[in-house]
Amino acid sequence: MADYQHISHGFEPVFDERSRVLVLGSFPSVLSRENHFYYGNPQNRFWRVMAAVLGEPVPETGDIEGKCAMLLSHGVALWDVIESCDVRGSSDASIKNVVPADVARITSVAPVRTVICNGGTAGRLYRRWLEGITGLPAVVLPSTSPANAAWSLERLTACWREALLAVLRAQ
């Protein structure tokens, strides 16, 4: 197994002054860091799930601008709970020495009313490091990670659709 490395996040959050929902992951995987954007592992189902939920075509793998546009046009912001940490490879279970993200960068500009965490690790980290800052409880959804093989793409999409559309309709 790889040794621990102290890694900084490496790329900016996705948000604008119209973002009403903030989706948070834990920390970028090795492939995401190499691709300089969120959910860079082609096996991660995040972009397929979001496209299906939002009624948009799935953005091409390297189309960062298209991915940002898809989220922002629906009032969705995207970031991670952690700004930097010690981690082994892409293992969320190995994360230690956390420096949380400065979530006020988003919440001071955008009218975020709901936080959705992509998976249990993001949810636990959010509750520990950021919930007290935002004052917003998180909706924790099943992870889109390929490690969450118990959830099919169809099941993930249905769960995310129910949660995300309920929030977007209510706001």
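1. Serine 84 sits across from valine 99 of β5. Please keep in mind throughout that this is a predicted model. The pairing of β4 with β5 is antiparallel and runs over three bridges.

2. Those two strands belong to an open, three-stranded sheet ordered β1-β4-β5, in which the pairing is antiparallel. Because β1 (5-8) and β5 (96-100) are the edge strands, each with a single partner, one side of each has no neighbour in the sheet. On average, neighbouring strands here are turned by 10 degrees against each other, direction ignored.

3. Now to the other open sheet I would like you to look at: four strands in the order β3-β2-β6-β7, with parallel pairing. At its edges are β3 and β7, each of which pairs on one side only. From one strand to the next, the twist averages 25 degrees.

4. Within this sheet, β6 and β7 run parallel and are joined by four bridges.

5. Does the length of helix α7 (residues 153-170) agree or disagree with its residue count? It agrees: at 1.5 Å a residue, its 18 residues should span 26 Å, and the end C-alpha atoms lie 25 Å apart.

6. The buried residues of α7 are Leu156, Thr157, Trp160, Ala163, Leu164, Leu165, Val167 and Leu168. In an α-helix there are 3.6 residues a turn, so residues three or four places apart point the same way. The packing partners of the buried α7 residues are β2, α2 (46-54), β6 (114-118) and β7 (138-141).

7. Trp160 turns up again in the largest nonpolar core, a set of 53 residues, where it is among those with the most contacts inside the core, along with Leu22, Tyr38, Trp47, Met50, Leu71 and Leu78. Elements giving two or more residues to this core include β2, α2, α3 (64-72), β3 (76-80) and α7.

8. What does leucine 78 touch, leaving aside neighbours within four places in sequence? Its contacts are Pro13, Val14, Leu22, Val23, Tyr38, Tyr39, Phe46, Trp47 and Leu71.

9. Serine 29 counts as buried because its relative accessible area is 18%, with the cut-off at under 20%. Its side chain reaches the backbone nitrogen of serine 32 at 3.1 Å.

Definitions and conventions: Residues numbered from 1 in each chain as written. Predicted model: local features only at pLDDT ≥ 70, side-chain atom pairs only at ≥ 80, totals over all residues. Heavy atoms only, no water. Buried < 20%, exposed > 50% of the residue type's maximum accessible area, 1.4 Å probe, protein only. Polar contact = N/O pair within 3.5 Å; in protein donor to acceptor, adjacent residues only side chain to side chain. Expected span 1.5 Å × (residues − 1). Contact = heavy atoms within 4.5 Å. Core = buried A, V, L, I, M, F, W, Y, C linked by side-chain atoms within 4.5 Å. Pairing = 2+ DSSP bridges. Axes fitted to C-alpha atoms, helices over the stretch in contact; angles between N-to-C directions.
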